[in-house]
Amino acid sequence: MAKDKYFIYPEDVRAFGFDWGKLSLTVAPEVNGASRFSGGVVELPSGEGHSRHNHPGAEEIIFVISGEGEQMVEDETGNPITHKVASGCTIYIPESRFHSTKNTGGGKMLLFVVYSPAGPELALRDLPDFRLLPPGF
């Protein structure tokens with residue numbers, strides 16, 4: 001658990017590293033005891049993004065902190081809806097809905113993501129390109 005469980009920066013925690021970027025969980029049961037949701041900062045380098053996936057049984061909120069990209073969310077019939085997104089945009093992903101994000105800008109894209117209930121992000125550890133990065137990496 002983090003030393004200070006109320007005020008946490010991404011560099012304070014271990015991050016989930018992938019070929020497409022990283023996720024630093026700053027709110028989670030193992031970080032600060034949060035029990036109903038989890039969340040953190042996703043960093044996507046220019047041209048990178050995560051492929052179409054879903055989180056069974058969980059809703060997700062994505063807030064674009066900085067950068068620009070394309071966000072896809074499937075509608076209730078499975079049709080992909082893609083929009084250009086930029087800083088200040090909030091994206092709602094309904095429970096179990098497939099989605100993907102790609103950074104189309106020239107610099108890094110930062111997102112804040114929230115999962116409810118907590119836990120679906122732990123399945124990311126099973127991806128073949130997963131690596132656990134030390135704090136500050």
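How many strands form the open sheet, and in what order do they come? There are 7, running β8-β5-β10-β3-β2-β1-β11, and the pairing is antiparallel.

## Before we start

What you see above is a predicted model, where local features need pLDDT of at least 70, side-chain atom pairs count only at pLDDT 80 or more, and totals for chains, interfaces and linings use all residues. Residues are numbered from 1 along each chain as its sequence is written, and side-chain values use heavy atoms, with hydrogens and water left out.

## The open sheet

Strands are DSSP runs of E with at least two residues, helices are runs of H or I with at least four, and both are numbered from the N terminus. Two strands count as paired if DSSP finds at least two bridges between them.

Back to the 7-strand sheet: its edges are β8 (90–93) and β11 (131–133), each of which pairs on one side only. On average, neighbouring strands here are turned by 25 degrees against each other, direction ignored. (The axes are lines fitted to C-alpha atoms, for helices over the stretch in contact, and angles run from 0 to 180 degrees between N-to-C directions.) Inside the sheet, β1 (residues 15–18) meets β2 (residues 21–27) in the antiparallel sense over 4 bridges, and Phe18 stands opposite Gly21 of β2.

Rings of Phe, Tyr and Trp (its six-membered ring) pair if their centres lie within 6.5 Å; planes under 30 degrees apart are stacked, over 60 edge-to-face, and the rest tilted. The structure holds 3 such pairs. In one of them, Phe18 and Trp20 have ring centres 4.7 Å apart and planes at 0 degrees, so they are stacked. Phe18 is buried, at 2% relative accessible area, and Trp20 is buried too, at 15%. (Buried means under 20%, exposed over 50%, partly exposed in between, with a 1.4 Å probe and protein chains only.)

Phe18 also pairs with Phe130: their centres are 6.0 Å apart and their planes at 55 degrees, so this pair is tilted. Phe18 lies in β1 and Phe130 in the loop between β10 (109–116) and β11, so the pair ties together parts 112 residues apart in sequence. Ring pairs link Phe16, Phe18, Trp20 and Phe130 into a cluster.

## The nonpolar core

A nonpolar core is a set of buried Ala, Val, Leu, Ile, Met, Phe, Trp, Tyr and Cys residues joined through side-chain atoms within 4.5 Å. The largest one has 22 residues, and Leu23, Val42, Ile91, Leu111 and Val113 touch the most other members. Two or more residues come from each of β1, β2, β3 (38–44), β5 (59–66), β8 and β10. The top contributor is β10, with 4 residues.

## Around β9

Strand β9 (residues 99–103) is mostly covered, with 4 of its 5 residues buried. It runs antiparallel to β4 (residues 49–53), joined by 3 bridges, and His53 has His99 of β9 as its bridge partner. Strand β6 (residues 68–74) also pairs with β9 in the antiparallel sense, over 5 bridges, where Gln71 partners Thr101.

## What the record says

An unreviewed UniProt entry lists residues 41–115 as "domain: Cupin type-2". Over residues 41–115 the chain is 0% helix and 63% strand, with the end C-alpha atoms 12 Å apart.

Conventions
UniProt positions renumbered as here; feature names shortened; annotations may be inferred.
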